[in-house]
Amino acid sequence: MTARTASISRSTSESSIELELDLDGTGSSDISTSVPFFDHMLTAFSKHSLIDLRVRSTGDTHIDAHHTVEDTGIVLGQALRQALGDRSGIGRYGDALVPLDEALAQAVVDVSGRPFLVHTGEPEGFALHRIGGHFTGSLVRHVFEAITLNAGITVHVRVLGGRDPHHIAEAEFKAFARAMRKAVELDPRVDGIPSTKGTL
């Protein structure tokens, strides 16, 4: 089997990102983005998607975490696209409903080749809340946008309940991870590309 891996670097005046991943991993991760809560979210994503992930990100976090977080999401999306190749043999679709105490989030993924994000349900005020002192709630959507657009996938994320911003964000990332796990897994019954069009 051809290795489904990717290694991408991206450097701008605002951030520097180095990222490696393996779709057929065990959920091993080595994450350092200089934004502690984002490290926590990417570690959870790796663990629950079973995608091995190594990330080294630095940037102008003295101004805001926004650039470093968004740019890391861009590179993660690019790496997913590269590792998926022509998407032959994958399950294509994945869905997950994940609780974290009082929070509940659902994610549905289609590795479609068509980038589209639907993101709903975060409670009023969530976008303005600082989680861990560095990570603003609004960045959750920015990360999903960056991944979706650059990976070429369709993603629906819904927050169905929750009060604690940490729990809400973590439930979203874990739901996305579990849905991605199903969507990118190789299915031995799938012959070629899982589309009647013959391409994704």
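Strand β7 (residues 116-120) pairs with strand β10 in the parallel sense over 5 bridges; strands (E, at least two residues) and helices (H or I, at least four) are DSSP runs numbered from the N terminus, and two strands pair if DSSP finds at least two bridges between them. This is a predicted model in which local features need pLDDT of at least 70 and side-chain atom pairs count only at pLDDT 80 or more, while totals for chains, interfaces and linings use all residues. Residues are numbered from 1 along each chain as its sequence is written, and side-chain values use heavy atoms, with hydrogens and water left out.

**Strand pairing**

- Within the pairing of β7 and β10, Thr 120 stands opposite Arg 158.
- β10 (residues 154-161) also pairs with β6, in the antiparallel sense and over 7 bridges.
- Gly 161 in β10 has Leu 104 opposite.

**Asp 110**

- Strand β6 (residues 103-110) contains Asp 110.
- Asp 110 is buried, at a relative accessible area of 11%; buried means under 20%, exposed over 50% and partly exposed in between, with a 1.4 Å probe and protein chains only.
- Apart from neighbours within four places in sequence, Asp 110 contacts Arg 92, Tyr 93, Ile 153 and Thr 154, a contact being heavy atoms within 4.5 Å.
- The side chains of Asp 110 and Arg 92 are joined by a polar contact of 2.6 Å. Such a contact is a pair of N or O atoms within 3.5 Å; within protein, one must be able to donate a hydrogen and the other to accept it, and residues adjacent in sequence count only if both atoms are side-chain atoms.
- Between the C-alpha atoms of Asp 110 and Thr 12, 98 residues apart along the chain, the separation is 30 Å.

**Nonpolar core**

- The largest nonpolar core has 58 residues, of which Leu 21, Phe 38, Leu 53, Leu 76, Leu 80, Phe 135 and Phe 176 touch the most other members. Such a core is a set of buried Ala, Val, Leu, Ile, Met, Phe, Trp, Tyr and Cys residues joined through side-chain atoms within 4.5 Å.
- Helix α4 (residues 165-184) gives the most to this core, namely 11 residues.
- Not counting residues up to four places away in sequence, Leu 80 touches Leu 21, Leu 23, Ile 51, Ile 147, Ala 151 and Met 180.
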